[in-house]
Amino acid sequence: MPGDMSLHSIDYSIIALYFVFVLGIGWALKRFMKTSLDFFESGRSLPAWITALAFISANLGAQEVIGMAASGAKYGIMTAHFYWVGAIPAMIFVGVFMMPFYYGSKAHSVPEYLRLRFDEKTRALNALSFAVMTVFSSGISMYVMGRLFQLLLGWDINVSIIVSAVVVLVYILLGGLTSSIYNEVVQFFLIVFGFVPLVFLGVMGAGGWSGIQSRLATVATEAGFAPGAWTESWRHMGTASANPMGIEWFGMVAGLGFVMSFGYWCTDFLVIQRAMAARSMNAAQRTPILAAIPKLMMPFIVILPGMVALAVLPAAAFQFNGHTDYNMVMPLMLQKFYPSGLLGLGLTALLASFMSGMAGNVTAFNTVWTYDIYKPYLKSDGDDAHYMKIGRQATVFGTILSVATAYVAMNFGNINDLLQLVFSFINAPLFATFLLGMFWARSTANGAFWGLLGGILACAAHYLLTGVGAAGAGTLHAYPSDMARNFWGAIYSWTTCFVVTIGVSLVTKPRAAAELKGLVYSMTPKIREEGLAWYKRPALLAVLVGAVTLAINIYFW
Amino acid sequence: MLLDLRFPMGLLFSVLGALLAGYGVISDPTVYQASLGINVNLWAGLAMLLFGIAMLAGGWKAMAGGRSKK
């Protein structure tokens with residue numbers, strides 16, 4: 001139903017006000033606003049609550065709002081496991097065990113760590129896969145923003161995607177990234193203020209939690225599942241065929257919980273770096289644990305509206321290009337429950353977050369291509385002006401590649417399925433490499449390289465040899481859902497990388513122990529802080545957050 | 001020096017909140033049929049305005065505190 005969402009002058013005023021403010025104030029205050037790099041290297045001075053806010057803001061974007069709502073409609077409450085089995089335990093783990101290592105280590109980025117710990121070729125492989133990830137990520141945002149334009153303004157989807165691409169290029173040219181941390185935090189609160197009212201209205205409109213349960217019971221039984229399949233998070237995971245996600249508890253806990261979530265939170269330095277700006281080791285440790293508290297609540301803001309949508313919107317709302325598509329669930333919910341005014345605010349939150357997300361990814365692509373691939377391997381004797389030129393070309397080239405991936409995203413009725421697929425290729429094997437690199441001094445450069453390559457190839461082979469549902473007939477294995485295939489792909493990928501790295505390491509020569517100081521856990525000095533108040537002890541906070549998470553899991557069992 | 005995040009953020013949310021709450025006051029009540037009869041613009045606007053003012057106040061206090069220490 002394109003063109004159905006009518007916006008009024010108040011909505012346009014809010015959208016305009018935000019962008020004028022961000023670009024204008026960013027411009028005026030340029031001398032105050034340091035870049036993210038300065039921010040982090042300007043001395044470790046920030047209290048834990050600020051770094052925790054920056055930490056969660058760096059992670060939460062429009063992709064999550066749109067993708068998790070879409071998954072909430074497609075898979076029901078089991079989507080919440082991305083938080084309650086995935087993110088929260090991983091964030092606690094990062095705070096308690098990884099932060100002491102990162103904070104005291106020499107490495108400040110993934111490629112840098114791989115180069116110092118292993119060698120150039122491992123870094124190059126990682127840089128390439130990272131470049132692919134940035135292009136997919138920005139393409140996915142571009143596609144969804146195009147869909148949003150289509151819905152709001154009634155444009156053709158092809159035109160909408162091109163417009164999104166142009167908007168991003170202009171945004172980057174205007175220097176939209178100069179104050180990225182400030183933008184991220186503002187967007188985090190915009191999302192909270194823009195979407196919390198929707199949750200209240202949606203739950204009220206559907207007749208409370210019991211109303212949602214009874215309406216989704218109808219949906220579930222029509223789809224051939226038990227009545228609680230959409231509203232009970234664990235009860236139907238005994239076998240893969242009993243729940244909409246098509247996954248049994250082992251695939252969920254190992255694939256999503258261990259490999260994908262720990263992989264993401266332990267290796268995404270864009271997020272980790274936020275904690276590095278903390279004023280002390282203790283504050284750095286508390287950063288992800290404190291950030292886990294709002295993260296614990298996110299399913300209510302981003303997944304619940306998707307479930308409500310399934311209960312209150314007509315089935316026709318989930319059709320696009322002739323197939324089932326849940327990507328517009330969140331905007332359609334805004335349209336249903338919001339009057340002009342708040343509608344403008346909700347859309348501002350989405351648009352702002354998409355644009356900065358895309359700009360961030362395209363800029364990251366530019367950096368990786370220019371400094372991690374082009375400069376070391378293709379032309380190492382150029383001057384600064386030459387690399388600046390290559391960087392600008394990479395920005396345009398990255399945007400064009402993103403348009404291509406936007407069309408890939410069009411084939412996915414749920415962008416979260418595609419996002420997790422990309423993570424299973426890139427983060428899953430990388431996590432095995434990181435674990436071995438950090439905790440096993442014997443692992444060697446050749447082991448890491450062949451393990452990482454093997455992991456990526458295993459994931460590719462798994463993807464090519466399996467299928468989903470009826471379309472998977474004739475393949476080696478047909479999974480009930482895309483997400484189930486992603487989780488198992490991640491498990492195979494991680495295991496292959498783990499085994500190959502160990503195998504090759506055992507037959508190749510390890511580095512001298514002295515060279516590994518600050519790079520391997522056992523050879524990095526730990527800082528101890530004794531006699532702290534209870535609310536400053538990371539382990540105690542971790543136990544508290546863990547207990548609350550467990551209670552929520554049991555409540556929604 | 002890094003500008004305290006709370007000033008620009010407080011300013012933005014105060015202005016957005018005032019705009020939204022103001023619109024909530026003057027707008028025709030029939031537009032709130034979609035939102036189950038609740039004037040969500042007014043309430044969300046007030047919440048944002050309060051948040052914005054709290055941010056500004058916090059920033060001011062921190063700045064004043066920082067000065068007196070020096």
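Two residues are in contact if their C-beta atoms, placed from the backbone, lie within 7 Å. Among the contacts in chain B between residues at least 6 apart in sequence, 77% join residues at least 24 apart.

This is a predicted model, in which local features need pLDDT of at least 70, side-chain atom pairs count only at pLDDT 80 or more, and totals for chains, interfaces and linings use all residues. Residues are numbered from 1 along each chain as its sequence is written, while chains are lettered from A and ligands numbered from 1 in the order in which they are written. The pLDDT is the predictor's confidence in each residue, from 0 to 100. Chain B averages 85, and 87% of its residues score at least 70. For the complex, the predictor gives an ipTM of 0.92 and a pTM of 0.89.

Chain B has 2 helices and 0 strands. Helices (H or I, at least four residues) and strands (E, at least two) are DSSP runs, numbered from the N terminus. H1(B) has 21 residues and reaches 30 Å from its first C-alpha to its last. That is close to the 30 Å expected at 1.5 Å a residue, where the expected span is 1.5 Å times one less than the number of residues.

A residue is buried if 20 or more other C-beta atoms lie within 10 Å of its own, exposed if 12 or fewer, and partly exposed in between; these C-beta atoms are placed from the backbone. Of the 70 residues in chain B, 34% are buried. The buried residues of H1(B) include Arg6(B), Phe13(B), Leu20(B) and Gly24(B).

Leu36(B) sits in the loop between helix H1 (6-26) and helix H2 (40-69) of chain B. Leu36(B) has a positive phi of about 60°, although it is not a glycine. Leu36(B) counts as partly exposed because it has 13 C-beta neighbours inside 10 Å.

Next comes the contact between the chains. It takes 29 residues from chain A and 24 residues from chain B. On the side of chain A that touches chain B, the largest share, 9 residues, comes from H9(A). The residues of that side divide into 22 nonpolar, 5 polar and 2 charged. Here Ala, Val, Leu, Ile, Met, Phe, Trp, Tyr, Cys and Pro count as nonpolar, Asp, Glu, Lys and Arg as charged, and the others, Gly among them, as polar.

Leaving aside its neighbours within four places in sequence, Phe431(A) is in contact with residues including Val259(A), Phe262(A) and Trp494(A).
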